[in-house]
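Student: Could we go through how some of the helices pack in this one?
Tutor: Gladly; let us take a look at the chain together.
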Amino acid sequence: PFFQYFTQEARYNMLCTLLIVVNQYLFLQSINENKPKWWIGYALSGILALYSSINLGLMFIGHLIYLLIVERKVLIPFIVSSFIILLGYLPWLISVIHNRDEIISALAWHKDFGENQNLFTLILAQVYFMAFSFVTFNDLFSQFGMFIDLQFQGNYIQLVMSIIVIAILIYAIVYAVKKAEKKILLFMALIILPQFLYFLISWLI
């Protein structure tokens with residue numbers, strides 16, 4: 001539902017989502033077959049992903065950790081591909097650094113969402129809003145008050161339904177932990193890691 005909603009708006013969210021899926025697929029193909037064509041595709045999709053959002057750079061941290069733990073045999077091709085990604089993004093990175101003050105000023109309004117909130121609240125809010133998107137998108141922004149000002153107002157039926165969705169998601173995670181291979185679970189966990197790092201960095205600074 002979240003993706004379907006944002007496909008109707010002129011935003012970059014869907015482009016980021018597409019490039020994340022493509023990059024993850026090419027990453028798995030690269031480590032499974034270890035052929036140049038897959039690593040080239042991984043590098044190109046990585047460059048495009050960074051140009052769509054610099055936050056997606058955190059995704060490559062998860063990939064590196066996965067390789068260090070599970071697939072060290074393809075660590076060299078990964079480093080080479082990462083270097084190519086860095087070179088491809090370097091022109092824009094220089095521009096970002098050069099215009100840092102203007103960018104910070106333009107994004108200053110983001111501080112209104114979750115300012116002075118602890119890390120646990122930020123993560124809990126993310127889980128809740130994901131569940132809430134399965135229920136409805138009506139009064140979405142009114143739900144921010146629940147986490148920012150502890151204002152439990154609005155449609156309580158939506159709140160209960162969102163909690164039920166969260167329970168289903170937790171059950172799905174527990175089921176996956178019991179049934180899936182450890183290597184798959186680690187990869188799934190490292191997909192979530194960038195989001196956690198994003199909240200952690202935002203909270204620390």
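Student: How do H2 and H3 cross, and how far apart are the axes?
Tutor: In this predicted model, the axes of H2 and H3 come within 8 Å and cross at roughly 155 degrees. Because angles over 145 degrees count as roughly antiparallel, H2 is roughly antiparallel to H3, and the crossing of the two is left-handed.

Student: Which residues of H2 and H3 meet there?
Tutor: On the H2 side they include Leu-15, Leu-19, Leu-26, Phe-27 and Ile-31, and among their counterparts in H3 are Trp-38, Trp-39, Tyr-42 and Leu-48. By class, the residues of this contact divide into 13 nonpolar, seven polar and one charged.

Student: And H2 with H4, at what angle do they pack?
Tutor: H2 (residues 13-33) and H4 (residues 57-69) pack at an angle of about 20 degrees, with their axes 12 Å apart. The two helices are therefore roughly parallel to each other, and their crossing is right-handed. The contact of H2 with H4 has seven nonpolar, three polar and no charged residues.

Student: Switching topic, what does Phe-27 touch?
Tutor: Leaving aside residues up to four places away in sequence, Phe-27 touches Tyr-42, His-63, Tyr-66, Leu-67, Phe-78 and Phe-187.

Student: How many residues does the largest nonpolar core have, and which have the most contacts inside it?
Tutor: That core has 25 residues, and those with the most contacts inside it are Phe-27, Ile-31, Tyr-42, Tyr-66, Leu-67 and Ile-85. At least two residues each come from H2, H3, H4, H5 (75-98) and H10 (182-204).

Student: Which helix gives the most to this core?
Tutor: H3 does, with seven residues.

Definitions and conventions:
Residues are numbered from 1 along each chain as its sequence is written. This is a predicted model: local features need pLDDT of at least 70, side-chain atom pairs count only at pLDDT 80 or more; totals for chains, interfaces and linings use all residues. Side-chain values use heavy atoms; hydrogens and water are left out. Axes are lines fitted to C-alpha atoms, for helices over the stretch in contact, and angles run from 0 to 180 degrees between N-to-C directions. Helices (H or I, at least four residues) and strands (E, at least two) are DSSP runs, numbered from the N terminus. Angles under 35 degrees count as roughly parallel, over 145 as roughly antiparallel, 65 to 115 as roughly perpendicular and the rest as oblique. A crossing is left-handed if the near helix is turned anticlockwise from the far one by less than a right angle, and right-handed if clockwise. Ala, Val, Leu, Ile, Met, Phe, Trp, Tyr, Cys and Pro count as nonpolar, Asp, Glu, Lys and Arg as charged, and the others, Gly among them, as polar. A nonpolar core is a set of buried Ala, Val, Leu, Ile, Met, Phe, Trp, Tyr and Cys residues joined through side-chain atoms within 4.5 Å. Buried means under 20% relative accessible area, exposed over 50%, partly exposed in between (1.4 Å probe, protein chains only). Contact means heavy atoms within 4.5 Å.
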